[in-house]
Amino acid sequence: MWIKEYIDKRAYNLQRYKAGKPIEEIKREIFGDKDVKILKLASNENLAGVNRKILKKLKKDLENVHYYPDDSMYYLIDSLSKFYGIDSQHISVGNGAVELIRYIYQVLIKEGDVIFTPHPTFAIYYIDSNLFGAKHLTYDLSSPNYDIKASDMIEKIELLHQKGIKVKLAVICSPNNPTGSIITNSDLLEFLDYTLKNRIVVILDEAYFEFVDHYDYHDGVKLVKEYENLIVLRTFSKVFSLAGLRIGVAFSNPYIIKAINNVRLPFNVNYLAQRAVIYSLQNYKSLLKSIKRVVKEKYYIYQRLNEMGIEFIPTFANFIAIKVEDHIKVYNDLLLKGIIVRPASDMNMGSYIRVTISPYRDDNNLFLDALKEVMCARSSSG
Ligand code: PMP
């Protein structure tokens, strides 16, 4: 077919991002559309959901959806600027953080450029490296805690530089997906000093920022003015419970932000999403309860997994990577019980399932009890 010749090979061969299974799909394919309760613990949303007062305001806003949204996002960026204490010239907003990652690559990465990340990490970074023809080089995070260390990264980058391979962009997700591990603030500062000196751009992806309970965690937004090489990403998909509306935010120096805004699709952040962020920031205090609950539930899950003798990676996010040998089978067995988790092989890590931590004890018990049954059935049949 001649049309094949016209299509970009990298686009054609690109492996698409594997998303967590939607509830409707499991209902349809496993339960024949019966009205059963499906528990989705696959994509790290905040199961507390959106505050009722905000929902009421959004319903009213539906009356305006025949207009295009404000492409400059004036009120949205103004409220982000006030909330995060940083001028609006340092802010760009995307249709989810994933859109901003694509834009950052678009304005920064040329074919053959070298991108460096810990491994495993969030799949989009590998996918976009492939799309833009970059060389994606990694170093392996290792057990027991999969911590991200400045000294490890600097050592690996120095080795590359000695071989004449110059790193252009380094990406750190902290907490990292799917491990839940972080880089400490002191290590981050050491890495930023090194990369600034060596002219390496750093994306610091803080998608799970609000869930971290560590005394030496970072606040990337506060570092943006000091490090011109730093791009910080946040999202409204996790703690803010707005995954379905798609909003991500990038904070960086005004040069990078201007380039991102130039390539940003017109009206990329829809009207309801813009309104929802403004309301959510005004109501931030109401989220604190669900953050506390998730952290409390994390320790409860640790305790139950320890009792069951099941290994896991200690986490600072609202998800946990749990070690199970035949992880695809465990994933499928849990689906049959109406519980959707993620096989971590979707995220380049075998032998683990990744499970969202719900703020509700009942949800977590449902999962833990099902896991126990699945594991018992496996050990008695094997
Ligand atoms: N960064 C990380 C580390 C993530 O885990 C995710 C979501 N899975 C994202 C970014 C993307 O977030 P968004 O929904 O805003 O695109």
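This is a predicted model: local features need pLDDT of at least 70, side-chain atom pairs count only at pLDDT 80 or more; totals for chains, interfaces and linings use all residues.
An α-helix has 3.6 residues a turn, so residues three or four places apart point the same way.

The helix itself runs from residue 288 to residue 308 and contains 21 residues. Just after H12 comes Gly309, whose phi is positive, at about 70°.

Let us now turn to the ligand. Where does the ligand sit? Its place is the largest pocket. The ligand is surrounded by 14 residues, and the closest are Ala97, Asp205, Tyr208, Thr235 and Ser237. Ser237 also brings a side-chain N or O atom to 2.6 Å from an oxygen atom of the ligand. For Asn177, the corresponding distance from a side-chain N or O atom to a ligand oxygen is 2.8 Å. Arg246 places a polar side-chain atom 2.8 Å from an oxygen atom of the ligand. Taken alone, the ligand exposes 400 Å², and the protein buries 94% of that.

Finally, consider Arg234, which lies in strand S7, residues 230-235. Is Arg234 buried or exposed? Arg234 counts as buried because its relative accessibility is 3%, and the cut-off for buried is under 20%. The side chain of Arg234 makes a polar contact of 2.8 Å with the side chain of Glu206.

How values were computed: Residues are numbered from 1 along each chain as its sequence is written. Side-chain values use heavy atoms; hydrogens and water are left out. Helices (H or I, at least four residues) and strands (E, at least two) are DSSP runs, numbered from the N terminus. The expected span of a helix is 1.5 Å times one less than its number of residues. A residue is near a molecule or strand if one of its heavy atoms lies within 4 Å of it. A polar contact is a pair of N or O atoms within 3.5 Å; within protein, one must be able to donate a hydrogen and the other to accept it, and residues adjacent in sequence count only if both atoms are side-chain atoms. Accessible areas come from the Shrake-Rupley method with a 1.4 Å probe; for residues, only the protein chains shown count as cover. On a 1 Å grid over the protein atoms alone, a cavity is a set of points where a 1.4 Å probe fits but cannot get out, and a pocket is an open set with protein on both sides within 12 Å along at least five of seven lines; lining residues have an atom within 4 Å of a point. A molecule sits in a cavity or pocket if more than half of its atoms lie within 2 Å of its grid points. Buried means under 20% relative accessible area, exposed over 50%, partly exposed in between (1.4 Å probe, protein chains only).
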